[in-house]
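Open the model in your viewer and switch to cartoon view.

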Amino acid sequence: MSSRSMHLGLRARERLYINGAVIRVDRKVSIELLNDVSFLLEAHVMQPEETTTPLRQLYFAVQMMMIDDADNRSARSIAAGLIHSLHGTLINADIRTGLRTVEAQLAAERPFDALKTIRSLFPVEAGVLGGLIAA
């Protein structure tokens, strides 16, 4: 995130994950973050039962890096292993390019950008996996 402030609008009972803390608001609220923080909106948090594909597993690992920012070594190691494994097994050029982008984003300490990149690859992965299942 940049050093400028960020405005977030939350609905009643929505959760926000900031630097590992889970915050739930009881009513519609607007929040202004005045400094750099790692945060995820509830809509972007993947639940364990949703990790049904390799890219979803990678997304979950990167998400855990952000949620447990203080001790993210394990999640970082899992993410690196998944990326390495995916490079070895996938031949789809779009996914391979996306994985290189994710690697660079993680190396630059930009996990939120990595999550956005991974999310953008979900439709490509669905097409690849759909073709494998139909075959």
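Predicted model: local features only at pLDDT ≥ 70, side-chain atom pairs only at ≥ 80, totals over all residues.

Residues are numbered from 1 along each chain as its sequence is written, and side-chain values use heavy atoms, with hydrogens and water left out.

**Stop 1: H2 and H3.** Select residues 73–89 (H2) and 93–107 (H3). Helices here are DSSP runs (H or I, at least four residues), numbered from the N terminus. The two axes come within 10 Å and cross at roughly 155°. That makes H2 roughly antiparallel to H3 (over 145 degrees between N-to-C directions). Now show side chains. Arg76, Ile83, Leu86 and His87 of H2 meet H3 residues including Arg96, Leu99 and Glu103 (contact: heavy atoms within 4.5 Å).

**Stop 2: H1 and H3.** Leu55, Leu58, Val62 and Met65 in H1 meet Ile95, Leu99 and Leu106 in H3.

**Stop 3: Leu106.** Center on Leu106. Beyond four places away in sequence, Leu106 touches Val62, Met65, Arg76, Ile83, Pro111 and Ala114.

**Stop 4: the cores.** A nonpolar core joins buried Ala, Val, Leu, Ile, Met, Phe, Trp, Tyr and Cys residues through side-chain atoms within 4.5 Å; buried means under 20% relative accessible area with a 1.4 Å probe, protein chains only. Which residues touch the most other members of the largest core? Of its 27 residues, they are Leu40, Leu55, Leu58, Val62, Leu99, Leu106 and Ile118. H1 gives the largest share, eight residues. Finish on a second, separate core of eight residues, including Leu8, Ile18, Val37 and Phe39.

Technical notes:
Axes fitted to C-alpha atoms, helices over the stretch in contact; angles between N-to-C directions. Helix = DSSP H or I, 4+ residues; strand = E, 2+ residues; numbered from the N terminus. Parallel < 35°, antiparallel > 145°, perpendicular 65-115°, else oblique. Buried < 20%, exposed > 50% of the residue type's maximum accessible area, 1.4 Å probe, protein only.
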